[in-house]
Amino acid sequence: MKRTLQITVLISLLTMSSFAQKRSQVLPADQEIFLKYGADRLGKRHDAAMQRFRDNRLGAFIHWGLYAIPGGEWKGKVYDGAAEWLKSWAQVPTDEWLKLMDQWNPKRFNPKAWAKMARKMGVKYVKITTKHHEGFCLWPSKYSKYTVAQTPYKKDILGELVKAYNEEGIDVHFYFSVMDWSHPDYRSDIKSKEDEATFARFLEFTDNQLKELATRYPTVKDFWFDGTWDASIKKNGWWTAHVERMLKEMLPGVTINSRLRADDYGKRHFDSNGHLMGDYESGYERRLPDPVKDLKVTRWDWEACMTIPENQWGYHKDWSLSYVKTPLEVLERIIHAVSMGGNMVVNFGPQADGDFRPEEKELAESIGKWMKENGECVYGCDYAGWDKQPWGYYTRQGENVYMVVFNSPYSKHLVVKTPKGIQIVKGTLLNGKEVAVKETSRNEYNVNMPAKDPGAPFVIKLQIEENTNATDKYRDALT
Ligand code: JFZ
């Protein structure tokens with residue numbers, strides 16, 4: 001039984017990673033099939049709550065649960081897989097795993113300090129694991145025996161965090177794993193009438209927990225679902241549509257990720273007609289769309305999330321087992337996402353004692369320093385629609401196009417190609433200092449590097465003018 005479960009998990013992980021490449025094309029309208037549980041809407045949402053989600057652009061993820069206690073090590077053996085999956089890697093029986101609750105007493109946990117760290121990093125929202133696959137709840141759920149209330153710590157961690165983040169002006173989003181290893185009624189597939197009845201009970205339990213979260217913490221802005229890839233959920237697409245509607249009724253404006261959803265045929269993220277389900281696509285995990293080939297992502301909202309090591313979400317005691325990204329590499333991914341109209345969420349896996357490891361503190365500080373000076377090219381910015389250039393990325397807010405330069409050329413000239421009808425009026429650094437801009441040919445410019453090389457990624461703000469009727473002084477080559 002355990003073997004089969006593990007194999008199912010493995011197979012589902014393998015299929016998941018290829019989902020984005022196999023996503024179906026949108027069918028011509030007359031070839032669309034009728035779906036009861038497909039997309040609720042075509043195109044992006046344009047209400048104020050969605051605009052806020054989008055404008056926030058930079059978020060932090062918090063993966064915190066019992067897995068932080070063993071930190072990737074079980075009975076003397078260190079597992080290099082994701083620490084929050086340790087129960088599965090080490091095949092730890094459920095009751096033994098949940099005994100970790102007796103050790104849950106984060107003595108150094110200081111929600112105010114967490115919120116201050118987030119604000120200083122420049123994140124506008126934090127996604128918190130309310131319950132990960134292990135089933136341990138960071139809030140005192142009355143539907144489960146496995147919650148913070150039954151630990152030596154006792155207090156409502158989630159409530160303390162929501163309050164502290166909100167007080168710093170930071171939005172809170174809830175991560176919620178539907179798959180729950182602690183619940184006897186969970187099924188990964190439905191193979192009999194019994195499975196069906198058992199799983200129906202499980203879905204009711206899940207509804208109750210979600211209603212409880214929405215009621216207890218009404219300032220929550222978003223639900224980010226996970227653990228929804230099993231056949232049991234794909235066979236209950238109706239339930240995923242129901243959850244989305246239920247939460248939207250309870251919390252007007254709430255946003256929901258695509259990972260929750262499956263349609264009538266078990267098709268996930270994008271329905272059988274190729275339309276995005278949920279409010280934003282959440283398949284980009286630890287990787288990003290290609291800035292030239294994957295421009296289709298600019299048609300919908302999306303949010304990527306990433307780990308600082310190669311693949312550790314929960315706290316793992318040994319980060320030397322994989323490559324650890326530098327702050328500059330993290331920063332480049334943030335800008336990369338925004339330049340294609342996406343959000344980026346950087347993950348933190350707090351220690352069992354409630355503090356953050358030094359590497360995470362340093363990274364947060366370093367990103368924050370850059371964001372403080374340059375955040376103008378991130379918050380409220382979107383895809384600019386200009387051809388990618390080798391020096392970096394464009395972002396845009398209204399008439400301002402930002403060049404975010406990661407690779408300085410030896411020529412000291414940054415080549416810019418504008419779309420037809422768009423002229424550049426002026427270029428400045430964010431401190432207001434002007435940089436020289438020279439038109440070199442039709443819709444092509446050289447933008448000068450600042451006189452003194454900033455020695456770090458820098459931003460040039462271009463003021464533009466749209467003039468589609470301008471007379472063209474350039475002659476095309478005769479060939
Ligand atoms: C899931 C979790 O299993 C993991 O522990 C972590 O919480 C992460 C944020 O989400 O892992 C996934 C989920 C989806 C994909 C890959 C890993 N996917 O779609 O490629």
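What volume does the second largest cavity have? It comes to about 40 Å³, where a cavity is a set of points, on a 1 Å grid over the protein atoms alone, at which a 1.4 Å probe fits but cannot get out, and a volume is the space filled by probe spheres set on the points. The model is predicted, so local features need pLDDT of at least 70 and side-chain atom pairs count only at pLDDT 80 or more, while totals for chains, interfaces and linings use all residues. Residues are numbered from 1 along each chain, and side-chain values use heavy atoms, with hydrogens and water left out.

The whole structure turns up 2 cavities of 30 Å³ or more. Lining residues, those with an atom within 4 Å of a point, include Trp313, His316 and Arg357 for the second largest cavity. That lining splits into 3 nonpolar, 5 polar and 2 charged residues. The largest cavity holds about 60 Å³ of space, and its lining has 10 nonpolar residues, with no polar and no charged ones. Among them are Ala60, Trp114 and Phe348. Helix α6 gives the most to this lining, with 4 residues.

Terms used. 1 Å grid on protein atoms, 1.4 Å probe; cavity = no way out; pocket = protein on both sides within 12 Å on 5 of 7 lines; lining within 4 Å. Helix = DSSP H or I, 4+ residues; strand = E, 2+ residues; numbered from the N terminus. Nonpolar A, V, L, I, M, F, W, Y, C, P; charged D, E, K, R; others polar.
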